[in-house]
Amino acid sequence: MSGFFSSIVTTLLTVYMSLGGTAAASAPPEETAAEFLDGLSAGNATVLEQYVDNTYVNFLVNSEGDDEELDKMRGAIFRNFSYEITDSAAKGDVAVVQVQLKTDDFSAVLEDYTKDSYKYVSGNLYSDTVTDKDKLAAKCLDIYVSDLEKAAGDEPDLDTELYLPLISDGYGQWNLKLDDDIMKSLLGGLQLPSEEEDK
């Protein structure tokens, strides 16, 4: 176990001990990480529903709209998504998995979407599409998907090293401890439309 991994695991262990311990997991943590990453890129609802409390996972699983548009959205996000598990370490009830991730850079999509949707609304103030909530929502999804597709190139833009923390569930399995920062990195810096509304 490298010194860097040791420090991560020690930090996780300190946090975890304050929550109370459970029996250590028996399956390797890499297995859980790979199952999630494969499920994420494939849109596997069975896998993703375990993590639906996360803002990003909830967005991917529960977004409303035309099924074809939603499929295009997920297709754009994961067009150039790939990963390799390069290392892992476990100590008792906590573990960390090192992942080398390749994906497109979606960090500018929200800004583009905000500009494009404003331009559309301001240019169609008297249109039925703007005054009908369902039609406007459908058009906004179309604009968002279009901006995602523009950002998704032929080759991945980003090559990122990530560390995924896991905690034993007490029954021989590991649970990923996902937060929005981890998910944002997994999705190429993507910000969700709701993030702009919260500002």
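User: What is the strand order of the open sheet of four strands?
Analyst: This is a predicted model, in which local features need pLDDT of at least 70, side-chain atom pairs count only at pLDDT 80 or more, and totals for chains, interfaces and linings use all residues. Residues are numbered from 1 along each chain as its sequence is written, and side-chain values use heavy atoms, with hydrogens and water left out. Strands are DSSP runs of E of at least two residues, and helices runs of H or I of at least four, numbered from the N terminus; two strands pair if DSSP finds at least two bridges between them. The pairing is antiparallel, and the order is β1-β2-β3-β4.

User: Which are the edge strands?
Analyst: An edge strand pairs on one side only. The edge strands are β1 (82-91) and β4 (174-176).

User: Over how many bridges do β1 and β2 pair?
Analyst: Strand β2 covers residues 94-103, and the bridge partner of K91 in β2 is V94. The antiparallel pairing of β1 and β2 extends over nine bridges.

User: What distance separates the end C-alpha atoms of helix α2?
Analyst: Helix α2 has 14 residues (29-42). The expected span is 1.5 Å times one less than the number of residues, so α2 should span 20 Å. The model agrees, with its end C-alpha atoms apart by 20 Å.

User: Which residues of α2 are buried?
Analyst: Buried means under 20% relative accessible area, exposed over 50%, and partly exposed in between (1.4 Å probe, protein chains only). By this criterion, the buried residues of α2 are P29, T32, A33, A34, F36, L37, G39 and L40.
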